[in-house]
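Please work through each task before reading its solution.

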Amino acid sequence: MLNLKLKTIASLINKDDIVIDMACDHAYLAIYLKKNNLAKEVYASDISKNALMNANKNIKENNLHIKTYLSDGFKNIPLNLNLNTVIIAGVGTTTILSILKDLPANINKLIISSNNDYELLYQEMFKHKFYNTKEIVIKENNKYYPIILYTKDYQKETKLTLKYGKSNNLEYYNYLLTKKQEILKHIPHHKLLTKYKIIKEIINLKKLIKEKTLDY
Ligand SMILES: C[S@@+](CC[C@H](N)C(=O)[O-])C[C@H]1O[C@@H](n2cnc3c(N)ncnc32)[C@H](O)[C@@H]1O
């Protein structure tokens, strides 16, 4: 059974997409996409030999044909696959940004789910003209995961969206607010600048939550 994060990623794939699941690990997502005919073609890759062996075993057990690649990012991915969609999920923002340095120019759709440093991700993707077209934040095993569909279709951003993203998940924003309020309680009085920065973030988060609430 596919977990919620991978199911949510699958919901962002179109039938005519030619997609690679990079950092596929077990290849559960690629298998799900292929088995349910959710994409025109599906490929999978991973940097780890063990992960790829496991992926190939799972693909075989499902009687499917999915071409897999042992590859650090795009390094061993042939250019003639005609990919238009790349999924990178379950790794950190630094790894994602480093993989995207080799992104072939014809790819116009990315589905990204980072494990950390979301603000850096939002800002760098915008700088590189990939626009946050749809963002869904899910909660799994008590952790929140933003899942972002990036395209080359321009989308407006603000200081707040480049910091906190564009999802409509109020529970997530309230969680971030509570976390900041907790941190503030433990900052010593003399650390004025740190206190000031956190208070500013709390004000911004409250503003964002108010805006999102009014949207409904
Ligand atoms: C936690 S798993 C993620 C599995 C799946 N994508 C998910 O989101 O559930 C992380 C995988 O990323 C792979 N990985 C890490 N760096 C990578 C890179 N530069 N290129 C390809 N795969 C990478 C690891 O080998 C590992 O299998």
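**Exercise 1.** Determine which ring face Lys5 lies over, and which ring face Lys67 lies over.

*Solution.* In this predicted model, Lys5 is placed over the face of Tyr145, 5.1 Å from the ring centre. Lys67 lies over the face of Tyr69, at 4.9 Å from the ring centre. Each distance is within the 6 Å cut-off for a charge over a ring.

**Exercise 2.** Classify the aromatic pair of Tyr43 and Tyr69, and state which parts of the chain the pair ties together.

*Solution.* The count of aromatic pairs comes to 6. For Tyr43 and Tyr69, the centres are 6.4 Å apart and the planes stand at 50 degrees, a tilted pair. Tyr43 belongs to strand S2 (residues 41-46) and Tyr69 to strand S3 (residues 67-70), so the pair joins parts 26 residues apart in sequence. Tyr43 is buried, its relative accessible area being 13%. Tyr69 is buried as well, at 12% relative accessibility.

**Exercise 3.** Classify the aromatic pair of Tyr144 and Tyr175, then decide whether each residue is buried, partly exposed or exposed.

*Solution.* Step one concerns geometry: Tyr144 and Tyr175 form a tilted pair, with 4.9 Å centre to centre and 40 degrees between the planes. Step two concerns location: Tyr144 is in strand S7 (residues 143-151) and Tyr175 in helix H7 (residues 170-185), so distant parts of the chain, 31 residues apart, are linked. Step three concerns accessibility: Tyr144 is buried at 8%, whereas Tyr175, at 36%, is partly exposed.

**Exercise 4.** Which residues form one aromatic cluster with Tyr144?

*Solution.* The cluster consists of Tyr144, Tyr172, Tyr173 and Tyr175.

Key
Residues numbered from 1 in each chain as written. Predicted model: local features only at pLDDT ≥ 70, side-chain atom pairs only at ≥ 80, totals over all residues. Heavy atoms only, no water. Phe/Tyr/Trp six-rings, centres within 6.5 Å; stacked < 30°, edge-to-face > 60°. Helix = DSSP H or I, 4+ residues; strand = E, 2+ residues; numbered from the N terminus. Buried < 20%, exposed > 50% of the residue type's maximum accessible area, 1.4 Å probe, protein only. Lys NZ or Arg CZ within 6 Å of the ring centre and 35° of its normal.
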